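Morning, everyone. I have one model to walk through, so please bring it up on your screens.

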Amino acid sequence: MYQIKNFMENDDVKVIDSLGAFTVIEYQRDLSVMPENAMEAFYSSQMNVRKRQVVCDVSRSNVTIQAGAMQWMVGNVKATTGIKGVGDFFGKAVRGSVTGESAIKPEYTGNGTLVLEPTYKHILLVDLNDWNGSIVLDDGLFLACESSLKHKAVMRSNFSSAIAGNEGLFNLGIQGKGVICLESPCPREELVEITLDNDVLKVDGNFAIAWSGTLDFTVERSGKSLIGSAASGEGLVNVYRGTGKVLLAPVR
């Protein structure tokens, strides 16, 4: 049996969220500073630029994380590749190559505590039950999830989306029942959540960080024609159609 002291009960550490197997902590001050960077550390803290970490209780659920995200672990925790045969390896390699994500995401099993690397980004804990069991992520958002969830490459609704929007043709989709951890460029308090009911959302720019897997995602001209687009002062827009939700980071 193990004991952890001066970690989550430290008076400089605050628990800011907890869901499923995951707990998010935030360091209120950076005490490991020297005189030459003390002013920078002080003003960073005042502007909510703080280090955050995800603590995983592996006894509650097996956990899959982004490659290289592990900082330390204690207890009977074992790391595996999460690969179940040659076919599974080939599928994950293909998915990784088209989505830009790491092909192999390690899976941690057993009974113990897993702590991820600290980050200055904002950590979002998302229950897929609130997304009807399917979500699609913008590049670079995935940090960790419960291993019961399935990963897949989600293709744009039309091939011209990738060419016109200078974006990749695929995004990472996650399906099932469980919790995922996302690294967001802005805090939850600033995220705009839009719910569509057989409707259309058009976004000028890469501000959507996640959307329901039930939505069709394309890139289109903002006007009906090239002349219309030029007259409106806009060019190409990201379009989300159908029924589902979209999360927007307006100050990204």
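Start with a charge and a ring. The charged end of Lys 245 sits over the ring of Trp 131, 4.6 Å from its centre. The cut-off here: NZ of Lys or CZ of Arg within 6 Å of the ring centre and within 35 degrees of the ring normal.

Some ground rules. This is a predicted model; local features need pLDDT of at least 70, side-chain atom pairs count only at pLDDT 80 or more, and totals for chains, interfaces and linings use all residues. Residues are numbered from 1 along each chain as its sequence is written, and side-chain values use heavy atoms, with hydrogens and water left out.

Next, aromatic pairs. Rings of Phe, Tyr and Trp (its six-membered ring) pair if their centres lie within 6.5 Å; planes under 30 degrees apart are stacked, over 60 edge-to-face, the rest tilted. The whole structure gives 5 such pairs. One of them is Phe 42 with Tyr 43: the centres are 5.1 Å apart and the planes at 80°, so this pair is edge-to-face. Phe 42 is partly exposed, at 45% relative accessible area. For reference, buried is under 20%, exposed is over 50%, and partly exposed lies in between, with a 1.4 Å probe and protein chains only.

Now Phe 217 and Tyr 240. Their rings are stacked, 4.6 Å centre to centre, with 5° between the planes. The pair links distant parts of the chain, 23 residues apart: Phe 217 is in strand S15 (residues 216-221), Tyr 240 in strand S16 (residues 236-248). Strands are DSSP E runs of at least two residues, numbered from the N terminus. Buried or exposed, this Phe 217? Buried, at 8%. Tyr 240 is buried too, at 1%. Ring pairs also bring in Trp 211, giving a cluster with Phe 217 and Tyr 240.

On to strand S3, residues 52-57. Of its 6 residues, 5 are buried. S3 pairs with strand S2 (residues 22-27), antiparallel, over 5 bridges; pairing takes at least two DSSP bridges. Glu 26 has Arg 52 in S3 as its bridge partner. S3 also pairs with strand S6 (residues 107-116), antiparallel, over 3 bridges. There, Cys 56 has Leu 114 in S6 as its bridge partner.

That brings us to cysteines. How many disulfides does a search of the whole structure find? It finds 0, with the cut-off at sulfur atoms within 2.5 Å. For Cys 145, the nearest cysteine sulfur is that of Cys 181, 8.4 Å away. Cys 145 is buried, at 0%. For Cys 181, the nearest is that of Cys 56, 6.2 Å away. Cys 181 is likewise buried, at 0%.

How values were computed: Helices (H or I, at least four residues) and strands (E, at least two) are DSSP runs, numbered from the N terminus.
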